[in-house]
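This note is intended for a colleague who is meeting the structure for the first time. Please read it with the model open alongside.

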Amino acid sequence: MLSYVIAIVIACIALLVACLNYKYIKQLDEGTPEMVELAGTIRSGANTFLKTEFKIIAIVVVVVAVIFSLFIETFSGLTFLTGSLMSSAACLIGMKGATYANVRTTNAARTTKSIGDTVKVALRGGSISGLSVQGFCLLGLVGILLIMSGMDVTTKSTGIVPLIESNAFGLRLTTYSLGCSLVAMFNRVAGGNYTKAADISADIVGKVDFDLPEDDSRNPSTIADFIGDTVNDIAGNCSDLLESTAATIVSCIIIAITLAKGASGELLDAAMHFPVLAAAGGLFGSIIGIVYAQHAKGKDNPSKQLDLATYVAAAIAIMTSFGASYYFFGNIDVFDSFKIGWLSPAISSLLGVVSGVAIGKITEYYTSTDFKPVKDLAKVSPEGSAFVVTLGDAVGSRSCLLPVLTIAISLVASGLICGAYGIAVASMGMLSFVATTVTIDAFGPIADNAGGIAESCHLDESVRKITDKLDAVGNTTAAIGKGFAIGSAAFATVSLIFAYVGNYSDASEPVLNFASYIVIAGAMVGGALIEFFTALLTKNTIDSAKKMADESIRQLKIPGVIEGNVKPDYDKCIEMASKEALRKMLAPSLLAMLVPVIGGVIFGVEFVGGILVGATLVAITRAIFMGNSGGAFDNAKKYVESGALEGYGKGSDAHKATVVGDTVGDTRKDVVGVALDIFIKMMSTVANTLATVFVHFHLF
């Protein structure tokens with residue numbers, strides 16, 4: 001009980017700090033009248049898009065919640081709604097913070113001419129997202145745990161219409177996680193389509209067809225691109241990593257219940273409370289790290305300021321996990337799978353933290369302008385776009401091995417040290433300081449928007465130099481964030497699969513039989529499903545981008561637009577991006593919910609288990625490839641634009657070749673790659689929620 005209270009208090013402190021940073025950002029000057037007008041357009045467009053999207057999401061959420069309460073478990077619909085609300089709140093607050101911080105970051109660069117001071121504004125803006133994500137996640141989840149604190153974990157319950165008995169405690173937790181997942185999936189699919197359709201259109205029309213500078217206000221797609229950065233890279237990312245955090249804590253608790261069959265109540269309580277306190281400690285570390293970094297003086301290196309926040313948060317998260325491990329497990333008989341006693345959960349959590357940092361560093365190597373892969377990609381650009389795309393694919397493929405090895409080694413090590421519980425705890429460790437991870441990730445789109453505002457408002461070149469440096473760092477931090485999300489998804493999905501098998505198995509160490517033809521068949525379907533999902537998202541985005549490009553070309557041919565004497569019709573492009581994104585988000589989003597349900601009702605629990613494993617194996621490597629190749633393409637373009645490739649610069653044939661590469665990479669990294677990790681987690685969460693149903697109701 002004490003750990004729950006501590007977690008609630010720390011979550012409230014995090015949300016208070018987010019509110020204070022929000023208030024601080026709003027008090028800063030927005031700059032020139034032109035900057036104020038443009039920032040207002042971006043803010044209004046983002047708000048309108050999310051309001052429209054949430055109206056659609058609300059209908060789906062209410063329908064699903066009613067189904068859960070009627071037919072599965074009476075109160076599971078309420079916990080599903082709670083998860084949806086927590087995720088939506090983090091999205092809205094994070095996005096609002098970013099849309100106020102972008103123009104103020106530009107103005108900081110304009111007035112101070114200092115990289116260090118400008119970074120601090122963007123960092124504060126990003127912290128609103130990061131602290132909201134972990135704060136709302138813990139607030140909702142721990143609130144549910146507090147309400148159920150006196151409840152027997154084996155209690156069976158039915159829905160209002162009594163069809164089947166299910167474990168009430170587990171269902172209320174998994175439906176909370178599922179509510180977070182549903183919002184995350186809608187946000188990532190719709191937001192990804194919106195931002196990349198606008199981005200691809202802006203790049204191809206502006207840089208290739210008309211030789212316009214990046215973010216030139218004459219390009220009609222430009223403002224829609226600015227809005228897209230906030231609705232996908234901020235709102236989408238917030239819901240994505242909030243869902244990951246909820247899923248890992250829930251899987252820890254579900255696995256603890258599975259392992260504790262026949263064990264003492266004291267051991268079960270310890271195993272359930274440990275992940276909550278460890279996550280709360282990580283959030284506290286994030287608060288300290290973020291506040292320290294945003295007040296540190298004499299730092300004009302953006303990467304160092306961002307790394308500072310990460311290292312402080314990670315160090316406190318590690319110390320907290322060791323303290324919590326001793327507190328809960330130091331004086332009791334532990335599970336047989338705890339090979340080194342009370343230290344086992346702490347070491348597993350440490351492995352997760354180290355894995356997350358390692359995956360981030362590997363991602364940085366393959367996507368940063370400071371290292372050989374991106375430099376080599378830029379150097380081949382004078383040979384043409386075919387060379388850029390081919391080499392970029394090779395960079396993406398090569399980048400898969402080390403992250404997968406890191407994940408595999410950590411999975412095996414945490415499993416050997418602490419069993420299945422250790423795998424879930426490793427995932428929780430990786431996400432224990434997710435507030436810092438999201439803060440740094442949100443820094444990227446804020447810096448990107450700041451640079452765009454500087455260009456569109458025709459500010460001095462010195463301002464753009466500062467924002468470009470921040471943008472290049474932001475591209476890398478965004479790629480690192482994507483790698484981190486994928487790594488955590490791998491851990492979370494493995495632990496969710498174990499929890500799923502435990503839901504229908506009586507064994508204390510459940511096993512999914514891969515000698516079974518039905519499991520293998522399910523795995524094959526799961527792998528193919530990932531390819532289908534990838535193709536669906538890619539085609540939707542390209543279709544939308546083509547429509548926007550055609551509209552932009554039409555407007556640029558209107559007399560006076562290309563000369564700068566007539567303003568383009570930005571509203572039409574914004575409306576087009578919104579309409580296309582919302583129209584095409586339902587089918588891919590619902591696929592993750594329907595596939596486990598259909599597979600389970602027809603072929604039963606083992607077939608669904610196979611689907612989950614097959615989808616996970618294909619999705620992890622596919623998502624790493626997509627994220628890293630896309631990041632490398634993007635920064636190769638930035639490398640050429642910076643003039644670092646001697647003899648070539650903006651507008652050259654080499655630059656146009658990298659723009660083509662960046663266009664290929666845009667859909668990969670910001671649409672497909674980021675949606676795949678949610679897709680596999682959402683399927684696993686749906687399967688966990690309905691495992692008991694699949695046992696009793698299946699055709700074959």
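The points below take up a loop residue, a pocket, a cavity and the aromatic pairs.

1. Basis of the note. The model is predicted, so local features need pLDDT of at least 70 and side-chain atom pairs count only at pLDDT 80 or more, whereas totals for chains, interfaces and linings use all residues. Residues are numbered from 1 along each chain as its sequence is written, and side-chain values use heavy atoms, with hydrogens and water left out.

2. Residue E30. E30 sits in the loop between α1 (2-27) and α2 (33-72); helices (H or I, at least four residues) and strands (E, at least two) are DSSP runs numbered from the N terminus. Its relative accessible area is 15%, and E30 therefore counts as buried (under 20% relative accessible area, with exposed over 50% and partly exposed in between; 1.4 Å probe, protein chains only). The side chain of E30 makes polar contacts with the side chains of R43 (3.1 Å) and R104 (3.4 Å). A polar contact is a pair of N or O atoms within 3.5 Å; within protein, one must be able to donate a hydrogen and the other to accept it, and residues adjacent in sequence count only if both atoms are side-chain atoms.

3. The second largest pocket. This pocket holds about 510 Å³ of space. Of its 26 lining residues, K156, N167, K261, G502 and N503 are the closest to its centre. A pocket is an open set of points on a 1 Å grid over the protein atoms alone, with protein on both sides within 12 Å along at least five of seven lines; a cavity is a set where a 1.4 Å probe fits but cannot get out, and lining residues have an atom within 4 Å of a point. Helix α19 gives the most to the lining, with six residues.

4. The whole structure has five cavities of 30 Å³ or more.

5. Aromatic pairs. There are 15 aromatic pairs in the structure. The rings of F49 and Y194 have centres 4.9 Å apart and planes at 65°, so this pair is edge-to-face. Rings of Phe, Tyr and Trp (its six-membered ring) pair if their centres lie within 6.5 Å; planes under 30 degrees apart count as stacked, over 60 as edge-to-face and the rest as tilted. F49 lies in helix α2 and Y194 in helix α5, 145 residues apart.

How values were computed
Grid points are joined across faces, edges and corners, and a volume is the space filled by probe spheres set on the points.
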